[in-house]
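Welcome to this short tour.

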Amino acid sequence: MPPAERGKRSKPKANDPNKRAMSLEEKHKLGIVLQKLPEKILQLVVQIAEKTNGHLRRDGDFIELNLETLDTETLWELDRFVSKLKKLVRKIRRRRALMGGNTASIDVVSEGIRMLTVQDNNVKS
């Protein structure tokens with residue numbers, strides 16, 4: 001059965017001014033992925049959410065990010081961020097496998113994530 005017949009809708013483009021609302025299932029999947037992110041990456045998630053939703057509830061170091069209260073644009077921006085992050089992780093794993101066990105470190109940058117270094121574990125200094 002083609003995806004359209006199964007009820008799966010395509011994701012809206014970043015520059016689409018009339019984005020469709022995110023379904024409950026899509027929000028649920030996004031929430032699961034966000035919960036698994038390391039703290040360093042979560043700081044970027046908070047920055048994305050605060051750009052248009054400055055009303056995030058804070059309790060000390062704890063920030064409540066309720067996907068049900070975020071606007072459609074922010075939800076899809078978070079979805080794009082997570083998708084790009086997943087692609088980066090796959091790319092790093094492929095490079096690591098091709099280079100025979102090398103490690104790669106990633107650093108969080110203001111508007112995204114980039115690979116900083118690839119170090120060969122087999123080379124001694």
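Begin at the second largest pocket, which holds about 450 Å³ of space. A pocket here is an open set of points on a 1 Å grid over the protein atoms alone, where a 1.4 Å probe fits and protein lies on both sides within 12 Å along at least five of seven lines; lining residues have an atom within 4 Å of a point. Select K8, K11, E25, E26 and K29, the closest to the centre of this pocket among the 17 residues that line it. By type, the lining has nine charged residues, four polar and four nonpolar.

A word on the model: it is predicted, so local features need pLDDT of at least 70 and side-chain atom pairs 80 or more, while totals for chains, interfaces and linings use all residues. Residues are numbered from 1 along each chain as its sequence is written, and side-chain values use heavy atoms, without hydrogens or water.

Now move to the largest pocket, with about 590 Å³ of space. Of its 20 lining residues, select L42, V46, I63, E64 and L65, which lie nearest the centre. Which element gives the most to this lining? It is α2, with seven residues.

Finish on α2, residues 39-52. This helix spans 21 Å from first C-alpha to last, close to the 20 Å expected at 1.5 Å a residue. Select I41, L44, V45, V46, I48 and A49 to see its buried residues (under 20% relative accessible area, 1.4 Å probe, protein chains only).

How values were computed. Helix = DSSP H or I, 4+ residues; strand = E, 2+ residues; numbered from the N terminus. Expected span 1.5 Å × (residues − 1). Buried < 20%, exposed > 50% of the residue type's maximum accessible area, 1.4 Å probe, protein only. Points joined across faces, edges and corners; volume = space filled by probe spheres on them. Nonpolar A, V, L, I, M, F, W, Y, C, P; charged D, E, K, R; others polar.
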